[in-house]
Amino acid sequence: MTPDFTGTHLWDRLCWAKENLEPHQSDYRVVYEDSIDECAKILVPDPNWMAAALQGGILPPVWVYWELAKDEAQPDFKKHTRGYLLHNTEPVGPMTEEEAIEYLIQKDVPQHVWQNWDEGNRPKMVICRKGQLPQTRVWRNAWRISDELAA
Amino acid sequence: MAGTIVADTLTHSTAGSLTTDYVVNGSSKVWAATEYSSGTPVISDSLSVSSVSDDDTGEMTFSLSSALSSANFSITTGPFGGTGAGNMTNITWFDRTTSAYSILTVDNGTREDRETCTTVMGDLA
């Protein structure tokens with residue numbers, strides 16, 4: 001059972017999770033195109049992070065990361081002054097693996113990709129299983145999301 | 001929180017004292033070890049990492065769970081490489097924010113996918 005981490009520094013919560021939870025290697029992958037001039041990127045969840053997401057009571061809500069990203073985007077940004085959002089905001093409850101992937105997309109994939117992933121001529125992002133990806137690295141930097149994908 | 005010791009100073013019986021600031025500020029805040037499985041990287045173990053993004057051949061971005069206070073943190077990298085003569089693997093970081101950093105692996109002048117270890121030293125947000 002997760003201790004009551006209210007007001008506990010996020011890093012301390014992550015240390016607790018690493019010590020007490022079994023890592024979970026997810027089979028999900030997120031393929032996305034950040035720029036039309038670059039090859040597709042593949043997001044791979046961290047097994048310790050996934051264990052914390054499934055457990056609940058450890059990770060902050062994803063909007064906290066958006067707030068910090070907004071601060072960092074300011075031209076005069078030097079260092080964070082609202083780090084307390086990570087530590088003092090009530091942690092989110094247990095997630096399913098699918099919910100955790102959705103959280104991770106909103107945290108680690110650029111917003112311009114996931115906010116309108118299915119607008120335009122072709123999808124910019126696909127959630128798939130590891131086994132659906134090419135199994136060798138041949139032509140890796142030419143990988144693209146197939147035009148034939150149905151959203 | 002159970003199991004917590006609150007102390008500002010550690011004192012050795014003969015060697016002197018050390019404030020715990022040194023321990024807190026001097027410990028690694030993020031680390032990750034990656035390997036390749038079926039053509040894509042996986043994180044074999046880590047601390048405070050939420051994901052790794054396979055961006056291109058030899059190129060990866062690590063996203064952090066607990067952000068650093070500023071982007072002026074230190075990244076140390078180490079490759080897993082062959083031991084043959086002339087085998088020289090180089091890993092450099094080339095981009096960083098308070099919540100992510102990107103690395104590039106080059107082997108004998110060519111971008112290559114290699115198992116890596118990275119460590120971050122810096123102040124947490």
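Visitor: Hi! Where is Trp139(A) found?
Guide: Trp139(A) sits in the segment after β3 (125–129) of chain A. Helices (H or I, at least four residues) and strands (E, at least two) are DSSP runs here, numbered from the N terminus. This is a predicted model, in which local features need pLDDT of at least 70 and side-chain atom pairs count only at pLDDT 80 or more, while totals for chains, interfaces and linings use all residues. Residues are numbered from 1 along each chain as its sequence is written, and chains are lettered from A and ligands numbered from 1 in the order in which they are written.

Visitor: Thanks. Is Trp139(A) buried or exposed?
Guide: Trp139(A) is exposed, because 10 other C-beta atoms lie within 10 Å. The cut-offs are 20 or more such neighbours for buried, 12 or fewer for exposed and partly exposed in between, with C-beta atoms placed from the backbone.

Visitor: And what is its phi?
Guide: Phi of Trp139(A) is near 60°, a positive value in a residue other than glycine. Ser48(B) also has a positive phi, about 60°, and is not a glycine.

Visitor: Where does Ser48(B) lie?
Guide: Ser48(B) is in the loop between β4 (40–47) and β5 of chain B. Ser48(B) counts as buried because 25 other C-beta atoms are within 10 Å.

Visitor: Let's move on to Val49(B). What is Val49(B) in contact with?
Guide: Leaving aside neighbours within four places in sequence, Val49(B) touches both chains: its contacts include Asp46(A) and Trp49(A), along with Val30(B), Ile43(B) and Phe62(B). A contact means that two C-beta atoms, placed from the backbone, lie within 7 Å.

Visitor: Which residues have the most contacts inside the largest nonpolar core?
Guide: Those are Val30(A), Tyr32(A), Leu43(A), Ala52(A), Val49(B) and Phe62(B), in a core of 46 residues. Such a core is a set of buried Ala, Val, Leu, Ile, Met, Phe, Trp, Tyr and Cys residues joined through C-beta atoms within 7 Å.

Visitor: How many residues of each chain are in contact with the other?
Guide: 37 residues of chain A meet 32 residues of chain B. On the side of chain A that touches chain B, the elements giving two or more residues are α1 (10–20), β2 (41–45), α2 (47–55), α3 (62–72) and α5. β2(A) gives the most, with 5 residues. By class, that side has 17 nonpolar, 8 polar and 12 charged residues. Ala, Val, Leu, Ile, Met, Phe, Trp, Tyr, Cys and Pro count as nonpolar, Asp, Glu, Lys and Arg as charged, and the others, Gly among them, as polar.

Visitor: How many bridges join β2(A) to strand β5 of chain B?
Guide: There are 4, and β2(A) and β5(B) (residues 49–56) run antiparallel. Two strands pair if DSSP finds at least two bridges between them. Val44(A), for one, has Val52(B) as its bridge partner in β5(B).

Visitor: Switching to chain B as a whole, how many helices and strands are there?
Guide: Chain B has 1 helix and 11 strands, in the order β-β-α-β-β-β-β-β-β-β-β-β along the sequence. The C-alpha atoms of chain B fill a box of roughly 50 × 30 × 25 Å along the principal axes. Of its 125 residues, 31% count as buried.
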